[in-house]
Amino acid sequence: MNISEYKEQRESFLAQEKTVILGQDQVLTTDEEVVNQILLTAKMAEMNDGFDTPHNFLPAKNFLTVISDIQASEVFKIIQKMPKGAALHVHDVALTSLEWVIEELAYWPDLYMCITPQDLLLLKFFDNPDTSCAWQLVSEVRDSYPHPRSSTLSSTTGFPSSQTPDDIRIDGTLLTPDETLTVYQDTITRFVQDHPEDFLGARYIYAPMRRIDNATMNGYVDNMIDMAGKFPNLVAGFDLVGQEDKGETLINLLEPLLRLSDADIPVFYHAGETDWMGMSTDENIVDALFLNATRIGHGYALVKHPKAKELALQHNTPIEVCPVSNQVLKLVSDLRNHPAAQLVAEGFPIVISSDDPGAWGSKGLSYDFYEAFMALGGAKADLRFLKQLAINSITYSSVDENTKSQMMQRWEEKWNTFISETLSLHTNTVIHQPVNKESVGLHHQHLWSSYSNNSIISFPPSTTAKSTQRP
Ligand SMILES: [Zn+2]
């Protein structure tokens, strides 16, 4: 074999390998091809810089330390404007940004705070505070700090877990689960009405804490069946949350979980969110698949279980990958080492979500899409990869087929606008003076969220201290 034959075989081998990367079978239009080149130029500039100076590569560094660097990235700016579909794995306790909590919630009247001896910050609404804690009015505490620092809240905020959706009225009495779900339903309806172009809806996954016994779990199953019967459009199914290594395993809760299967309740278990291998936590993945999960939350350990991966492929069960969450919660430090990189290289169906964005200063899906694009996709993942991720988020959502096709149609319109505007922005930038980024940004500012909170939102149980039915 001479050198040119060798090189030809090598080229063809690599080209063949590239066809397997997630999204590579997407066919791009001429305009999309141009946008792809714009995107890849920005991406390769960042990747080559990281290759030369590894310390500069943002996904290799802790998200908390590089948020503003990511915001300055040209790749991120493009991704931010891209319609990303649905967020399929987001918890309501950390759904909103911390800024929103501080700027909006903290000004509500009747909101009290108290720091427990365990250094947990409790927040609760009262007409008259009870004596269970040394409650102070948040508005008064705020007034005593002329320039309140967000870190004061973020470092100590903690919400006690609850077992049912049990928000509290201002007089301290609990809402029933039905009343709480009605609050969710009404809020979602109102938000859809306020944002008819950009938001199609949200669904609720009942997700109590997993550190429980069978008797408690049987109670949850009763709740679940009751809720699914009363709120079929709102309630998507069941999940269990909380630190998996410390929680009860799915196999030990099998008897009540099989009752869910018998009742045809869709399940979306968090499973295998762990660095361990061959222990009870990563084997939860096998049970999630045996219990016919619609999707698997995290599935971080899936690549260590080839037979389970095979089964997931047979069932077409996607993995909900939350890169920033996995890094901040210390499953992985350098996101190039995230196991989902292997899944992407093989074309395994994944969706990208943000888990608890408000807990680490993230919001929406753009940051997680950026990390996925730069670290999980490698240098060869291009616009096709991002497009596939957005399409997957709709394909694997739990809404009915009719709603799914409406979502897909709306997403395609947004996508086409994104393509043409990116094209004209970059063409103008090359030919003319620098574009006024403010005016362009205004045009796109809501695109990141165009579907980012609809379809399925994976809520853990509404927690007691957080939301109160307003009078
Ligand atoms: Zn989660």
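I began with Asp355, which counts as buried because 27 C-beta neighbours lie inside 10 Å. A residue is called buried if 20 or more other C-beta atoms lie within 10 Å of its own, exposed if 12 or fewer, and partly exposed in between, with C-beta atoms placed from the backbone. I noted that this is a predicted model, in which local features need pLDDT of at least 70 and side-chain atom pairs count only at pLDDT 80 or more, while totals for chains, interfaces and linings use all residues. Residues are numbered from 1 along each chain as its sequence is written.

**Entry 1: two loop residues**

I looked up the backbone of Asp355 and found phi near 60°, a positive value in a residue other than glycine. Asp355 sits in the loop between strand 10 and helix 15. Helices (H or I, at least four residues) and strands (E, at least two) are DSSP runs, numbered from the N terminus.

I then turned to Asp119, in the loop between strand 1 and strand 2. Asp119 is not a glycine, yet its phi is positive, about 70°. Is Asp119 buried or exposed? Asp119 counts as exposed, because it has 9 C-beta neighbours inside 10 Å.

**Entry 2: the whole chain**

I recorded 18 helices and twelve strands in the protein chain. Of its 471 residues, 42% are buried. I also looked at contacts (two residues whose C-beta atoms, placed from the backbone, lie within 7 Å). Among those between residues at least 6 apart in sequence, 76% join residues at least 24 apart.

Two strands pair if DSSP finds at least two bridges between them. Strand 1 (residues 111-115) and strand 2 are joined in the antiparallel sense over five bridges. Within this pair, Ile115 has Leu121 of strand 2 as its bridge partner.

Inside the order, strand 8 (residues 296-298) and strand 9 (residues 319-321) pair in the parallel sense over two bridges. There Gly297 stands opposite Glu320.

I next examined strand 5 (residues 203-206), which is covered on both faces: Arg203 and Ile205 on one side, and Tyr204 and Tyr206 on the other, are all buried. Strand 5 runs parallel to strand 6 (residues 235-238), and three bridges join them. Ile205 faces Gly237 in strand 6. With helix 9 (residues 214-230), strands 5 and 6 form a right-handed β-α-β unit. Right-handed means that, with the strands pointing away from the viewer, the path from the first strand over the helix to the second runs clockwise.

How many residues of helix 15 (residues 366-376) are buried? Eleven of the eleven are, so helix 15 is largely enclosed by the rest of the structure. Among them are Tyr367, Phe369, Tyr370 and Phe373. Just after this helix, Gly378 has a positive phi of about 70°.

I then looked up the largest nonpolar core, which has 95 residues; those with the most contacts inside it are Tyr269, Val344, Ile350, Phe369, Tyr370 and Phe373. Helix 15 gives this core its largest share, eight residues. Such a core is a set of buried Ala, Val, Leu, Ile, Met, Phe, Trp, Tyr and Cys residues joined through C-beta atoms within 7 Å. Leaving aside neighbours within four places in sequence, I found Val344 in contact with Ile21, Leu22, Ile350, Leu376, Gly377 and Ala381.
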